[in-house]
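Hi everyone, thanks for coming. I'd like to walk you through one structure today, so please have a look at it first.

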Amino acid sequence: MKTVFNTEFNGLKLAGRGKVRDIYDLGDSLLIIASDRLSAFDVVLPDPIPRKGEVLTKISIYWFDQLKDIIGNHLISADVSKYPAACQKYAADLEGRSMLVKKAKPLPIECIVRGYISGSGWKDYKTTGKISGIELPAGMKESQKMPEPIFTPSTKEEAGKHDQTIDFEKAEELVGSKTAEKVRDAAIALYKKASDIAAKKDIIIADTKFEFGFYNDELILIDEVLTPDSSRFWPKDDYEIGRGQKSFDKQYVRDYLISIKWDQKPPAPQLPKDVIKKTSEKYLEALKKLTA
Ligand SMILES: Nc1ncnc2c1ncn2[C@@H]1O[C@H](COP(=O)(O)OP(=O)(O)O)[C@@H](O)[C@H]1O
Ligand SMILES: [Mg+2]
């Protein structure tokens, strides 16, 4: 199975490499390629995961379409034949894993919505009774559904640094009150609609991260949307409160990395073949379940 770890498209202007995506600047638009790189604990692992980039791209496109009535998004096209001429010689590598998008000014915050208490939110709740400064009912159990989804923003740090959870006031300081309110309301509305759709497919979206940006003064949804990389997806039939959940996402890889007691600092260890294979299968399963 051919994988893409890295792209080198000579003649196109590389704008940056994220943990997962390579981004080329085409002027008013960006070409975003989802590689098969996998990051865990904010560190890129050395092994590509077969078909991961394709799965992430297809899931994002699915959600952009389902959610476009709530807020506009950056997608221009995912049809490579409609990309600018300069991209055409790379068509084989672009097919299925790329998007042509509007070049926006990303906000410096990550817009996280949590419907269930898990991960770092669970940790914060256990020690403080709060997440992102939001008081939650006492006595909640791990993986329990929140009374209402909550907005728990974080800073957006550069590669290698961990994003920091912030409260709403800090988000207001970073992006302005009006914008903070807008993205909070949009993020919660997006989460609610997506959760309802996913529930019909027996998937619980425990939490997810959105990014927004300005394009010609208009606030739009950018980046990837509701993928297993940006979200916790849980199979409904295995859901039980009071413990961590099995998931479609990279929790599987995280569990492996925790089991070998990796210190979560680069360089990341290689993954065993069966972890790679099962992770690839997990991503495909998520795509099939969601879009079936
Ligand atoms: N439409 C857009 N305009 C500008 N920047 C974008 C757009 N969509 C996504 N981005 C940025 O591109 C990067 C995506 O690459 P990714 O590998 O996900 O990076 P990261 O390691 O930051 O998660 C993110 O930094 C994101 O903010
Ligand atoms: Mg990202």
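Let's start with Pro267, which sits in the loop between H6 and H7. A quick word on those labels: helices are DSSP runs of H or I with at least four residues, strands are DSSP runs of E with at least two, and both are numbered from the N terminus. The peptide bond running from Pro266 to Pro267 is cis, with omega near 0 degrees.

Before I go on, some housekeeping. This is a predicted model, where local features need pLDDT of at least 70 and side-chain atom pairs count only at pLDDT 80 or more, while totals for chains, interfaces and linings use all residues. Residues are numbered from 1 along each chain as its sequence is written, chains are lettered from A and ligands numbered from 1 in the order in which they are written, and side-chain values use heavy atoms, with hydrogens and water left out.

Asp263 and Phe41 are 222 residues apart in sequence, yet 10.0 Å apart in space, C-alpha to C-alpha.

Now look at Asp42, in the loop between strand S4 (39-40) and strand S5 (43-44). Its phi is near 65 degrees, a positive value in a residue other than glycine.

On to the helices. Two packed helices are described by the angle between their axes and the distance between the axes. Axes here are lines fitted to C-alpha atoms, for helices over the stretch in contact, and angles run from 0 to 180 degrees between N-to-C directions.

How do H1 and H7 pack? Helix H1 (residues 52-67) and helix H7 (residues 273-291) make an angle of about 25 degrees, and their axes are 9 Å apart. So H1 is roughly parallel to H7. The cut-offs are under 35 degrees for roughly parallel, over 145 for roughly antiparallel, 65 to 115 for roughly perpendicular, and oblique for the rest.

The axes of H1 and H5 (residues 177-199) come within 11 Å and cross at roughly 110 degrees. That makes H1 roughly perpendicular to H5.

H5 has another partner, helix H4 (residues 168-175): their axes come within 7 Å and cross at roughly 120 degrees. That makes H4 oblique to H5.

Last stop, the ligand. Which residues come nearest to ligand 1? Of the 17 around it, those are Lys19, Val20, Arg21, His74 and Glu211, where being near takes a heavy atom within 4 Å. An N or O atom in the side chain of Glu211 is 2.6 Å from an oxygen atom of ligand 1.

Terms used: Polar contact = N/O pair within 3.5 Å; in protein donor to acceptor, adjacent residues only side chain to side chain.
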